[in-house]
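My notes follow in the order I took them.

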Amino acid sequence: MGRHGWESGARRWRLVALLGVGMTVLALVLTVISTLPDGGRDTAGTTTDGDRVHGTPGEPPKELGPQAGWGFTHNQFSADEGASAATERAEKLLGERPMPQNQAIMGWGADNPEPVKGRYDFGALDRRVDFIRKSGGTPVVTLCCAPDWMKGGRPGVGNTDWSKASLETAPSPEHYKDYAKLAATVAKRYPYVRHFIVWNEFKGFWNDGKGRWDYEGYTKLYNLVYKALKDVREDVMVGGPYLVMDSLNPGQADGASDAVKGAWGRLDQRIVDAFDYWNRNKAGADFVVVDGSSYTNDDELLPDEFAATDKFTAVGKWIERQTDGLPLWWAEYYVEPADSRDERQGWSEPHRVAVQASGMIAMVRGGATSGFYWNPEDEKGASCAGCLWRPTDRASGGGALPMYGLVSRFNEEFGPGTKYEKVSVARDDVPNVRVLADDKTVLVVNILKRPISAKVDGRRFEMRGYEVKWLRR
């Protein structure tokens with residue numbers, strides 16, 4: 001079973017022509033007929049009891065509430081598969097500093113969960129959830145994407161269209177209730193999952209005719225899913241709208257909003273409108289979810305890659321004002337523009353980690369309590385730009401990479417409930433460092449490529465170019 005790229009879990013089941021006659025042919029035909037009910041819909045490998053509890057039941061920690069903390073999202077490739085020595089190494093690594101781990105229900109490593117209405121296949125999702133639990137992570141589930149039959153496609157195990165265009169198609173309105181039912185099935189299957197994110201980046205909700213987001217459609221789906229999840233368990237935590245906080249060049253007037261702006265740019269007015277509608281018409285929310293990049297739609301980092309992260313602070317403060325202080329999550333956040341292949345490999349790892357740290361600091365300053373690093377894990381190889389661990393295709397894989405050190409320690413030091421404190425920074429060092437602190441720890445980031453001597457929190461120390469340093473208080 002392949003789960004790579006947009007081919008993320010398609011079962012390629014087909015009848016292979018066989019030579020022979022008589023009883024061999026008859027047996028084959030009877031077998032095929034038994035797995036193709038309802039007019040030839042392939043249900044091989046599916047079950048009807050999708051809501052049966054998977055694994056050992058257990059309740060999530062009650063103290064978590066709507067703040068999950070700082071963690072990462074599993075992508076197409078992850079450590080649930082590969083050489084056993086490597087997957088065990090990655091599992092042990094994550095267990096040393098447990099973090100919240102996010103997984104979508106379809107795509108990005110998970111198969112079609114309901115290829116035929118009422119027939120479920122949670123095998124791949126079960127494996128991911130098992131890995132999260134075994135590695136000590138707090139499981140978070142993103143309710144995206146939708147089975148083909150909910151969006152005009154053909155039902156059947158072998159009929160799933162894993163192209164990007166199909167995967168990013170939203171359920172049609174007549175199937176919103178079906179999707180809400182699927183969400184409830186997922187919640188029943190994994191009773192130890194408390195946090196659910198509804199959909200992903202408004203995928204499929206663009207209205208071509210009006211040239212704007214179909215925020216009415218998304219909000220209707222969101223409300224049905226919200227109520228369905230709350231009917232399963234009142235203590236389930238639900239959040240949305242998972243909008244991409246797109247921004248334009250600060251000098252661009254057309255389509256730009258005055259509500260949120262800075263040297264980094266101005267928010268797209270269509271995003272502001274969509275967020276405003278959801279916020280006013282939502283059935284409820286335990287936390288708010290957004291994502292976005294520090295750079296503009298034209299991939300401009302303004303005024304530079306470090307100062308551009310101020311966008312996260314400005315957006316966060318604006319959301320806090322709109323939602324009366326609901327906990328804020330960044331489901332994805334990007335500080336390095338991608339190339340034509342949607343890859344981010346142009347920076348050195350110290351540079352990447354330093355800008356990433358600055359972005360996380362900026363999110364905290366904007367009021368964020370949780371954030372998920374989009375882990376760009378490669379299927380194979382000895383190295384992996386921006387990844388948390390080495391690819392697990394070989395026995396030597398699964399070891400920590402620099403980004404893991406930042407993300408895991410950030411969650412360890414600044415997890416849910418952290419009370420931040422101000423620290424002194426020498427006047428000459430203010431332009432050169434980014435700082436975040438609580439009563440026990442100070443995080444200092446050198447935003448210059450060259451070494452510096454910095455004085456922070458009353459102490460002077462040397463820092464390498466782009467160094468990220470942790471100080472004990």
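**Disulfides.** I am working from a predicted model, and I began with the cysteines. Taking a pair of cysteine sulfur atoms within 2.5 Å as a disulfide, I count two disulfides. Counting bonded cysteines along the chain, I get the pattern 1-2, 3-4.

**Cys 144 and Cys 145.** I found a disulfide between Cys 144 and Cys 145, with an S to S distance of 2.5 Å. I then looked up the torsion about the S-S bond: it is about 60°, so this disulfide is right-handed.

**Cys 384 and Cys 387.** Next I went to the disulfide of Cys 384 with Cys 387, where the sulfur atoms lie 1.8 Å apart. Are these cysteines buried or exposed? Cys 384 has a relative accessible area of 7% and is buried. Cys 387 is buried too, at 0%.

**Helix 9 and helix 10.** I moved on to helix 9 (residues 310–323) and helix 10 (residues 349–365), which pack at an angle of about 20° with their axes 7 Å apart. Angles under 35 degrees count as roughly parallel, so I noted helix 9 as roughly parallel to helix 10. I logged the crossing of the two helices as right-handed.

Which residues meet here? From helix 9 I listed Phe 312, Thr 313 and Lys 317, and they meet Gly 359, Ala 362, Met 363 and Arg 365 of helix 10. Sorted by class, I have three nonpolar, two polar and two charged residues in this contact.

Note on methods:
Residues numbered from 1 in each chain as written. Predicted model: local features only at pLDDT ≥ 70, side-chain atom pairs only at ≥ 80, totals over all residues. Heavy atoms only, no water. Axes fitted to C-alpha atoms, helices over the stretch in contact; angles between N-to-C directions. Helix = DSSP H or I, 4+ residues; strand = E, 2+ residues; numbered from the N terminus. Parallel < 35°, antiparallel > 145°, perpendicular 65-115°, else oblique. Left-handed = near helix turned anticlockwise from the far one by under 90°. Contact = heavy atoms within 4.5 Å. Nonpolar A, V, L, I, M, F, W, Y, C, P; charged D, E, K, R; others polar. Buried < 20%, exposed > 50% of the residue type's maximum accessible area, 1.4 Å probe, protein only.
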